[in-house]
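Subject: Structure for your files

Hello,

Here is the structure we talked about passing on. My notes on it follow below the files.

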Amino acid sequence: MHIWLNLLVVLQMVAAIVMIGLVLVQHGKGADMGASFGSGASGSLFGATGSANFLSRTTAVCASVFFVATLGLAFMSNSVGRAAPTEGTSVLERAAPAAPSAPQIPTGESSASVPAAVAPASMPASGAN
């Protein structure tokens, strides 16, 4: 089960890095829009720009692989949590661990075992505040 989880993580990371590279290499629509306001006429300001090229189709495939890997990781992480059943079904329903008990003070008859309280040293009073 762990090998599939590791393979999905690697697949997701590779898809993310390739998708980032493909998006950075592509020519955006914003560059054509600026040309239409200034000089020359761009055939399509907000309309269709034609068929998709290789970079945009590869980006769509990478995005699909990334989303499928993300869903697979989410499913596997949920099923890993269910593999070891616990007493409660949620964190709030599980019993909290018992708090450690307070240390016991010896209650012997002799006061020699308990140290006497030390009085704080007196501080000189300062006249100017």
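The accessible surface of the protein chain comes to about 11,100 Å², and carbon and sulfur atoms hold 69% of that area. Areas come from the Shrake-Rupley method with a 1.4 Å probe, and for residues only the protein chains shown count as cover. This is a predicted model, in which local features need pLDDT of at least 70 and side-chain atom pairs count only at pLDDT 80 or more, while totals for chains, interfaces and linings use all residues. Residues are numbered from 1 along each chain as its sequence is written, and side-chain values use heavy atoms, with hydrogens and water left out.

Of the 129 residues in the protein chain, 10% are buried (buried is under 20% relative accessible area, exposed is over 50%, partly exposed is in between; 1.4 Å probe, protein chains only).

The protein chain has three helices and zero strands, in the order α-α-α along the sequence. Helices (H or I, at least four residues) and strands (E, at least two) are DSSP runs, numbered from the N terminus. Among contacts with a separation of 6 or more, 80% join residues 24 or more positions apart (a contact is heavy atoms within 4.5 Å).

Helix H1 covers residues 2–25. Its 24 residues reach 35 Å from first C-alpha to last, close to the 34 Å expected (1.5 Å times one less than the number of residues). Leu8, Gln12, Ala15, Ala16, Met19 and Leu22 are the buried residues of H1. Trp4, also in H1, is exposed at 56% relative accessibility. Together with Ile3 and Leu7, Trp4 makes a nonpolar surface patch of about 370 Å². Patch residues have over 30% relative accessible area and no salt bridge; like charges are joined within 9 Å, and nonpolar side chains (Val, Leu, Ile, Met, Phe, Trp, Tyr) within 5 Å. A salt bridge is a side-chain nitrogen of Lys or Arg within 4 Å of a carboxyl oxygen of Asp or Glu.

Thr59 lies in helix H3, residues 54–83, and is buried at 13% relative accessible area. Beyond its neighbours within four places in sequence, Thr59 contacts Met19, Leu22, Val23 and Gln26.

One aromatic pair turned up in a search of the whole structure. The ring centres of Phe66 and Phe67 are 5.9 Å apart and the planes meet at 65 degrees, so the pair is edge-to-face. Rings of Phe, Tyr and Trp (its six-membered ring) pair with centres within 6.5 Å; planes under 30 degrees apart are stacked, over 60 edge-to-face, the rest tilted. Phe66 is partly exposed at 22%, and Phe67 is exposed at 53%.

Regards
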